[in-house]
Every structure is written in structure tokens, then in C-alpha cells.
Amino acid sequence: MTMVERRSIAFRRIAEAAARRSESILSRWLPDGHRDALEWVARNPRRADRRLGSFKVNMKTGRWGDFATGDAGGDLISLAAYIFDLNQAEAARRIAEMLGVDLYE
């Protein structure tokens with residue numbers, strides 16, 4: 001590979017690996033939350049959220065949303081980017097490192 005070539009980040013594979021470990025990841029990122037069937041219900045750490053209920057993450061797919069603000073995403077990579085104020089590539093890199101998954105395709 002030359003310096004000009006760029007390797008593609010394996011977003012889908014990383015998101016799927018994160019979804020398989022969603023409960024342990026979400027309990028770390030959103031420790032005030034809890035499991036309710038297939039959802040993790042927590043307070044939104046990006047705003048003064050006083051009650052549980054409007055911020056939820058689907059633990060099977062990683063889809064998440066804050067129904068009070070309209071913020072939402074399709075996987076745990078986008079959730080990490082949102083919570084920790086990262087771009088998608090950096091969020092994917094940090095999750096891949098945490099899970100021991102190769103970052104690239």
C-alpha cells in the first residue's frame with residue numbers, strides 16, 4: 001500500500017461487534033441506565049436530563065434516540081460520537097480498540 005492509498009474503516013463490522021457486547025458497553029457509557037427488555041434506558045449525558053425515559057438505545061441493533069431533543073443514530077459508533085463529541089472515524093477507532101477488533105476492512 002502506498003502512502004496515497006487509504007484503508008477503509010470497517011464501520012459495519014465494528015458496529016456489529018459493539019452490538020454483541022452492548023450491555024457491557026452501555027453500562028460503562030451510561031451507568032445510570034438500566035435494561036428494559038431490549039432497550040437500555042438512561043439519562044442523556046449531553047443535557048440536563050433529570051428523568052429516565054426519553055433517551056433509549058436498542059441493545060440488539062444499537063439504534064438510539066433522545067425523544068425529547070430528536071437526536072438519534074443508527075449504531076453504537078454514532079452513540080459514542082454523540083456522547084463523547086467525536087467524529088465517526090475516531091469513535092469507531094476507540095470502540096475497535098476497546099473490543100480488540102481490527103479497525104480496517
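Two strands pair if DSSP finds at least two bridges between them, and strands here are DSSP runs of E with at least two residues, while helices are runs of H or I with at least four, both numbered from the N terminus. This is a predicted model, in which local features need pLDDT of at least 70, side-chain atom pairs count only at pLDDT 80 or more, and totals for chains, interfaces and linings use all residues. Residues are numbered from 1 along each chain as its sequence is written, and side-chain values use heavy atoms, leaving out hydrogens and water.

**View A. Phe55 has partners in two strands.** In strand 4, Phe55 is bridged to Asp66. Ala42 stands opposite Phe55 too. Strand 3 (residues 55-58) runs antiparallel to strand 2 (residues 39-42), joined by four bridges, and antiparallel to strand 4 (residues 64-66), joined by three.

**View C. Helix 4 has a buried face.** Ala91, Ala92, Ile95, Ala96 and Leu99 are its buried residues (under 20% relative accessible area with a 1.4 Å probe, protein chains only).

**View D. The ends of helix 4.** Asn87 caps the N-terminal end, with a side-chain oxygen 3.1 Å from the backbone nitrogen of Ala89. Just after the helix, Gly100 takes a positive phi of about 70 degrees.

Note on methods:
Buried means under 20% relative accessible area, exposed over 50%, partly exposed in between (1.4 Å probe, protein chains only). The arc is that of the directions from the helix axis to the C-beta atoms. A polar contact is a pair of N or O atoms within 3.5 Å; within protein, one must be able to donate a hydrogen and the other to accept it, and residues adjacent in sequence count only if both atoms are side-chain atoms.
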